[in-house]
Amino acid sequence: MNSSMEHEADDPHIVGYGTFIKVWLALVGLTALLVGLSVAGSPNLALVGLLVITPTKASLVFFYFMHLKYESAALKYMVAIAIAVLVIFVGLTFTDYLFR
Amino acid sequence: MSASVENHDAGPPAAEQPAGQHSAGEHRDYIGAKLGMWIFIFTELILFGGLFVAYGMYRSMHPHEFHHAAGELNVVLGVINTLVLLTSSLTMVLSIVAIRLKRKTQSMIFLASTMVLGCVFLVNKFFEWKAKIHHGLYPGSEHLMARPPGERLFFGLYYGMTGLHGLHVTVGLVVMAIMLVLLRRDKIRHDDFIKLENAGLYWHLVDVIWIFLLPLFYLAA
């Protein structure tokens, strides 16, 4: 029993330091890109930065740092539903404002 | 044994074991604890989501005034604070990896580093706000009330949203101090680390919110 518990303690699914350091480097790189695009002065580029790079950064944090990638399907669906509710809530408010 | 069960689930070994195998009568519900934390995170997403909607609406009503007001924020401080928070998220997650690998001291060092970075963030925030207030830019100030409505809204949202975020950072620091004590007293161990993991989830959420605040306020000019 003891030996099997020892074995379980060395869970093969512990993600090592390396993965998280790579994710951190990606986040820093994306931040540099975001700042670069907004400094470049074009409003369209800055908008692309806001609408594409920012959600990408948030997804990296959710999937890796918050461990979502390794969670059960049920938890993933719950998070997806919560974010969908937020998107519907934001989307409806904006359509109401833009087309009234 | 239950190793095959764990293969498709990253939960810790303790979660799969019947209660009492480690210490008599102790019940652990790893999945329940984590689920509870996620539900709390959803409420936080909706809370900040509402504020982001308010920002979006007012910005579409006053695009030029928002643009002009955002130009007065310190981009360098905003970017530095982003890097500080991103790095603190890394040390937080490394602290959890370390305790799972039974490296207690390393875990405590990573957690303490996270706290130091959280403090650095707040100190930067303090100097940023201090400079703004020194220039007469704070809600209700004479200087600000003399400016166009859009700029007043921008600074109201700026103080409201970064202030609420700063409050979350402060709460996170208190939570991490408690975690540090629990780690030291072996209440958080390689086979029982859900408290540290939930504290981590909260801290990463604080990081995610800042990821959105950076482009909306500091890079909006």
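Tutor: Buried residues account for 52% of the 221 residues in chain B. The model is a predicted one.

Student: How many helices and strands does chain B have?

Tutor: Chain B has nine helices and zero strands. Read from the N terminus, its elements run α-α-α-α-α-α-α-α-α.

Student: What share of the contacts in chain B with a separation of 6 or more is between residues 24 or more positions apart?

Tutor: That share is 80%. As for the surface of chain B, its accessible area comes to about 9,300 Å², and carbon and sulfur atoms hold 68% of that.

Student: Which residues have the most contacts inside the largest nonpolar core?

Tutor: The general idea is that nonpolar side chains tend to be buried together in soluble globular proteins. Here the largest nonpolar core has 87 residues, and B:Trp38, B:Tyr55, B:Phe154 and B:Phe217 have the most contacts inside it. Helix α9 of chain B, residues 194–218, supplies the largest share of this core, 17 residues.

Student: What is B:Trp38 in contact with, leaving aside its neighbours within four places in sequence?

Tutor: From chain A, B:Trp38 meets A:Phe62, A:Met66, A:Leu68, A:Leu75 and A:Val79; from chain B, B:Leu201.

Student: Is B:Asn81 buried or exposed?

Tutor: Burial is judged by relative accessible area, with under 20% counted as buried. B:Asn81 is buried because its relative accessible area is 0%. This residue sits in helix α5 of chain B, residues 75–100. Not counting residues up to four places away in sequence, B:Asn81 touches B:Val120, B:Phe121, B:Asn124, B:Lys125 and B:Trp210.

Student: Which residues make the nonpolar surface patch?

Tutor: The patch, about 490 Å², is made by A:Tyr77, A:Ile81, A:Val85, A:Phe89 and B:Ile46. Its largest share, four residues, comes from helix α4 of chain A, residues 73–98.

Student: Why is A:Ile81 classed as exposed?

Tutor: The class of exposed residues begins over 50% relative accessible area. A:Ile81 has 54%, so it is exposed. Its place is in helix α4 of chain A.

Student: What should I look for in the phi angles?

Tutor: Most residues other than glycine have a negative phi. In this model, B:Lys102 has a positive phi, near 65 degrees, and is not a glycine. B:Lys102 is in the loop between α5 and α6 of chain B. With a relative accessible area of 39%, B:Lys102 is partly exposed.

Student: What is the phi of B:Asp186, and where does this residue lie?

Tutor: Phi of B:Asp186 is positive, about 60 degrees, although the residue is not a glycine. B:Asp186 lies in the loop between α8 and α9 of chain B. Its relative accessible area is 38%, so B:Asp186 is partly exposed.

Conventions: Residues are numbered from 1 along each chain as its sequence is written. Chains are lettered from A and ligands numbered from 1 in the order in which they are written. This is a predicted model: local features need pLDDT of at least 70, side-chain atom pairs count only at pLDDT 80 or more; totals for chains, interfaces and linings use all residues. Side-chain values use heavy atoms; hydrogens and water are left out. Patches are made of residues with over 30% relative accessible area and no salt bridge: like charges are joined within 9 Å, nonpolar side chains (Val, Leu, Ile, Met, Phe, Trp, Tyr) within 5 Å. Accessible areas come from the Shrake-Rupley method with a 1.4 Å probe; for residues, only the protein chains shown count as cover. A salt bridge is a side-chain nitrogen of Lys or Arg within 4 Å of a carboxyl oxygen of Asp or Glu. Helices (H or I, at least four residues) and strands (E, at least two) are DSSP runs, numbered from the N terminus. Buried means under 20% relative accessible area, exposed over 50%, partly exposed in between (1.4 Å probe, protein chains only). A nonpolar core is a set of buried Ala, Val, Leu, Ile, Met, Phe, Trp, Tyr and Cys residues joined through side-chain atoms within 4.5 Å. Contact means heavy atoms within 4.5 Å.
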